Amino acid sequence: MTPTLRPLSCWKSLLRQSRQQKIIFRSLTTYHHSKPASQTPLQTQAVRKIKTYPPPSSPAQIFKEPIKNIHAEQIAVLDPTGARTNLFSKTNPEAARVGDILLVRLKTGDPFAGVCINIRRRGVETGILLRNELTRVGVEMWYKIYSPNVEGIEVVQRKAKRARRARLTYMRKPKHDMGSVQNIVLQYQRTRGVLGRPDGERRQTSKKKTKGKK
């Protein structure tokens, strides 16, 4: 037997009925009876206000450059007068530069003089490199300008022309080596000693020299 064929409109009506039944079933299952407003417990209880606190201040905002602040505090302790800072400051026109002959006096040990061939500015770790010739042997010494062992730094002789380089490492070659600066330092110490004496002592020394000649 051949199956009975129904028209397309009949199938559409059946699908509509099935959809309506599903909607009714869903509405019956999801139906909710709302309680009256008088029975809600939230309105009977008092609402507590939670106290809020502002966020703590970030240390990054207070200390924007912590390393720089630490260096400034240490320099203020090691160099209270600011003389050494001013001696190697870039803004000071009379500051010590590479090529100058410097004399470093130490609290423990002999002083050392030499040509400044490098200035390394690193805050409290600022150092200078001096080169001299002792017993015909080139000697280089690093000194931290803020070191407690350094008693003083003096400029013995300034370079005639400003050096075009930040590091005068070419002075290590025999062609450009300045050699020993001991004679220049001795002459500087003599002139400083004569100028530092009072007038009475100068006259006595001059009289002694004249007596010795007679």
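So, helices and strands: the chain has 7 helices and 5 strands, and by that I mean DSSP runs, H or I of at least four residues for helices and E of at least two for strands, numbered from the N terminus. Going from the N terminus, the order is α-α-α-α-α-β-β-β-β-β-α-α.

Quick housekeeping. This is a predicted model, so local features need pLDDT of at least 70 and side-chain atom pairs count only at pLDDT 80 or more, while totals for chains, interfaces and linings use all residues. Residues are numbered from 1 along each chain as its sequence is written, and side-chain values use heavy atoms, with hydrogens and water left out.

Now the overall picture. Of the 214 residues, 22% are buried, where buried is under 20% relative accessible area, exposed is over 50% and partly exposed is in between, with a 1.4 Å probe and protein chains only. As for contacts (heavy atoms within 4.5 Å), take those in the chain with a separation of 6 or more: 55% of them join residues 24 or more positions apart.

On to the core. The largest nonpolar core has 32 residues, and Phe-88, Val-104, Ile-128 and Leu-130 touch the most other members. A nonpolar core here is a set of buried Ala, Val, Leu, Ile, Met, Phe, Trp, Tyr and Cys residues joined through side-chain atoms within 4.5 Å. Who contributes? At least two residues each come from β1 (101-106), β2 (112-120), β3 (127-134), β5 (150-157) and α6 (182-196), and β2 gives the largest share, 6 residues.

Have a look at Leu-130. Beyond its neighbours within four places in sequence, Leu-130 contacts residues including Leu-102, Val-104, Phe-112, Val-139 and Tyr-143.

Two of those names bring me to the rings. There's 1 aromatic pair in the structure: Phe-112 and Tyr-143, with ring centres 6.1 Å apart and planes at 40°, so it's tilted. The rule is that rings of Phe, Tyr and Trp (its six-membered ring) pair if their centres lie within 6.5 Å, with planes under 30 degrees apart stacked, over 60 edge-to-face and the rest tilted. Phe-112 is in β2 and Tyr-143 in β4 (residues 137-144), so the pair ties together parts 31 residues apart in sequence. Both Phe-112 and Tyr-143 are buried.

One more ring: the charged end of Arg-120 sits over Trp-142, 4.4 Å from the ring centre. That needs NZ of Lys or CZ of Arg within 6 Å of the ring centre and within 35 degrees of the ring normal.

Last stop, Thr-169, in the loop between β5 and α6. Thr-169 is partly exposed, at 39% relative accessible area.
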